[in-house]
Amino acid sequence: MTDAALAKNEAETILSVSNIEVIYNHVILVLKGVSLSVPRGGIVALLGANGAGKTTTLKAISNLLRAERGEVTKGSIEFDGERIESSSPSDLVRRGCIQVMEGRHCFGHLTIEENLMTGAFTRRDGAANVRRDLEMVYDYFPRLKERRGSMAGYTSGGEQQMTAIGRALMSRPKMVLLDEPSMGLAPQLVEEIFEIVKKLNEEQGVSLLLAEQNTNIALRYAKYGYILESGRVVMDGEAKSLRENEDVKEFYLGIGGEGRRSFKNVKHYKRRKRWLA
Ligand SMILES: Nc1ncnc2c1ncn2[C@@H]1O[C@H](COP(=O)(O)OP(=O)(O)OP(=O)(O)O)[C@@H](O)[C@H]1O
Ligand SMILES: [Mg+2]
């Protein structure tokens, strides 16, 4: 590439992960050369079954692996034009990249509003700006406004997921790494949360890397997807072409080409049959 082409590529790509390898406890090789990129202002899905390596990939980016005795041993990660492998998680938040962890992780003994305010800890731009952003979060999540004074520990799973996303927004991120936002939530609520995420992407220009086991919903909201299996990217492409791919249909969407069903759905069917009998 010419210098001009490189510069253009950099302007258009917010996150670029090249061939990373991750090892836990010095011996367990979990990611075996993962590469992916997220365009500025884009939504990209990172798909895969249990244990495929989705969370590990997100934590490698946000530098949260060290706490788990994990380490990036090969490859490189660039965010917003800079190498970030050695930045601390809080450094990265300051640069505009933040992860919303799987399982929501709210402070149960703090109110929703106090939880949201903890997301502003890296900011130095004054209380008035923080207050304005809090109102912005409430505009996106009206439910949180209603429940602002409730202890997070007593709110529903959906409200806690919204709080976790809202808290990340309080750091004014350019990019959010969102780990399994659908986990454990009713389909209608999942839809509500994805709609808000889409709006945030469109109106605030926040780029998103979205790790999901729920392939169906992720491919409806993302433009592009990567499928991980045992720590390797086995397929990637435009969301539309992945949705139409026969293997993806059979193994990840549960709709086989010749009416075959995934194992999970077969089990579900049998369970229902038994209940009817
Ligand atoms: N701290 C750790 N120490 C050792 N192995 C780990 C650790 N964390 C994860 N692993 C292993 O790494 C692999 C990938 O796990 P990871 O959590 O990244 O998968 P995932 O795709 O996020 O799965 P899920 O959908 O269940 O969240 C798994 O085999 C897991 O057992
Ligand atoms: Mg995970």
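**Ligand site and sheet architecture**

An oxygen atom of ligand 1 lies 2.8 Å from an N or O atom in the side chain of glutamine 213, a polar contact being a pair of N or O atoms within 3.5 Å; within protein, one must be able to donate a hydrogen and the other to accept it, and residues adjacent in sequence count only if both atoms are side-chain atoms. The protein buries 69% of the 630 Å² that ligand 1 exposes when taken alone (accessible areas from the Shrake-Rupley method with a 1.4 Å probe; for residues, only the protein chains shown count as cover). The model is predicted: local features need pLDDT of at least 70 and side-chain atom pairs count only at pLDDT 80 or more, whereas totals for chains, interfaces and linings use all residues. Residues are numbered from 1 along each chain as its sequence is written, chains are lettered from A and ligands numbered from 1 in the order in which they are written, and side-chain values use heavy atoms, with hydrogens and water left out.

An oxygen atom of ligand 1 is 2.7 Å from an N or O atom in the side chain of threonine 55, and the corresponding distance for the side chain of threonine 56 is 2.5 Å. Two elements, β2 and α2, each give two or more residues to the shell around ligand 1; helices (H or I, at least four residues) and strands (E, at least two) are DSSP runs, numbered from the N terminus. The largest contribution, three residues, comes from α2. In total, 16 residues surround ligand 1, the closest being Asn50, Gly51, Lys54, Thr55 and Thr56 (a residue is near a molecule or strand if one of its heavy atoms lies within 4 Å of it). The shell comprises five nonpolar, seven polar and four charged residues, where Ala, Val, Leu, Ile, Met, Phe, Trp, Tyr, Cys and Pro count as nonpolar, Asp, Glu, Lys and Arg as charged, and the others, Gly among them, as polar.

One open sheet consists of four strands in the order β2-β1-β4-β5, with antiparallel pairing; two strands pair if DSSP finds at least two bridges between them. Because β2 (28-39) and β5 (82-83) stand at the edges with a single partner strand each, one side of each is left without a neighbour in the sheet. Strand β1 (residues 13-24) is joined to β2 by nine bridges, and isoleucine 23 has leucine 29 of β2 as its bridge partner. Helix α2 (residues 54-62) lies across β1, β2 and β4 (70-79), running at about 110° to β1. Axes are lines fitted to C-alpha atoms, for helices over the stretch in contact, and angles run from 0 to 180 degrees between N-to-C directions; contact means heavy atoms within 4.5 Å.

Another open sheet contains six strands in the order β6-β7-β8-β3-β9-β10, with mixed pairing. Its edge strands, β6 (97-100) and β10, pair on one side only. Five bridges connect the parallel strands β3 (residues 43-47) and β8 (residues 207-212), with alanine 45 opposite leucine 210 in β8. Helix α8 (residues 187-204) packs on this sheet, touching β3, β7 and β8, and its direction makes about 155° with that of β8. Strands β9 (residues 224-229) and β10 (residues 232-238) run antiparallel and share six bridges. In their hairpin, which has two residues between the strands, serine 230 takes a positive phi near 45°.
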